[in-house]
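Me: I am new to this structure and would like to learn how its features are read. Please take me through them one at a time.

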Amino acid sequence: MVDPEKRVNLNLPAYDNGADGGSGPTASGGESSQRDELKQRGRETAHEIKGAARQQAEGLFSQQRDAAADQAEKISSAFRKMADEFDDQEQPLFSGYANDVASCTDNLSQRLREKDLGGLIEQAQDYSRRQPALYFGGAVAAGFLLARFLRSSSERQTQQHYQQSTSQPGGYDTTPY
């Protein structure tokens, strides 16, 4: 009869299957504890990866949020200058509209800087529950604008690459001397 301590268990890794003369766990109790330990390690690793990914996403979100807030401030500044121009031209109606848009973009910039990723996701989920049709329409519009932006960026990069390659020695430089 085969001694259970020396029996090779094919379900366990070779280094820990008890085939080395009994230094590994037994085939009955040790196997389940090893599986539990491996499951626990897997959960811990998954938790660590999830935390690292979340931290990276939050960092990227913070950068993009700050960039969007800066752009909103620039737009606000442009509308304030436009309002001043309308005031100089004695057109108070258009000046008022420009000031209103500037105020809205200032508020947007301030609210963007105050939000974190979790708060923004929560707000979007709440809005999507209250106004699903508007939320869906906004998502479609945002997707359309993003596609146009990416396409124009790609075309601009292609054009710049072409201009760089034609102006280098050996290329066809079409600039006049």
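Me: What pattern does the protein follow when read along the sequence?

Reply: This is a predicted model, in which local features need pLDDT of at least 70 and side-chain atom pairs count only at pLDDT 80 or more, while totals for chains, interfaces and linings use all residues. Residues are numbered from 1 along each chain as its sequence is written, and side-chain values use heavy atoms, with hydrogens and water left out. Helices (H or I, at least four residues) and strands (E, at least two) are DSSP runs, numbered from the N terminus. Here the pattern along the sequence is α-α-α-α, with four helices and zero strands in the protein.

Me: How is burial read, and what share of the residues is buried?

Reply: A residue is buried under 20% relative accessible area, exposed over 50%, and partly exposed in between (1.4 Å probe, protein chains only). Of the 177 residues in the protein, 14% are buried.

Me: Which residues does Arg-113 pair with?

Reply: Arg-113 forms a salt bridge with Asp-66, where the closest N and O atoms are 4.0 Å apart. That pair links distant parts of the chain, since Arg-113 is in helix α2 and Asp-66 in helix α1, 47 residues apart. Arg-113 also meets Asp-70 in a salt bridge (2.4 Å, N to O). Asp-70 lies in helix α1 and Arg-113 in helix α2, so this pair ties together parts 43 residues apart in sequence. Salt bridges that share partners join Arg-65, Asp-66, Asp-70, Glu-73 and Arg-113 into one network.

Me: How is a pocket found, and what is the volume of the largest pocket?

Reply: Rolling a probe the size of a water molecule over the atoms shows where empty space is left. On a 1 Å grid over the protein atoms alone, a pocket is an open set of points where a 1.4 Å probe fits, with protein on both sides within 12 Å along at least five of seven lines; lining residues have an atom within 4 Å of a point. Grid points are joined across faces, edges and corners, and a volume is the space filled by probe spheres set on the points. The largest pocket has a volume of about 310 Å³. The elements giving two or more residues to its lining are α2 and α3 (117-130), and α3 gives the most, with five residues.

Me: Which residues are in the lining of the largest pocket?

Reply: Among them are Leu-108, Arg-111, Gln-123, Tyr-127 and Tyr-135. Leu-108 is found in helix α2 and counts as partly exposed, because its relative accessibility is 36%. The C-alpha atoms of Leu-108 and Ala-69 are separated by 7.5 Å, although the two residues are 39 residues apart along the chain.

Conventions. Salt bridge = Lys/Arg side-chain N within 4 Å of Asp/Glu carboxyl O.
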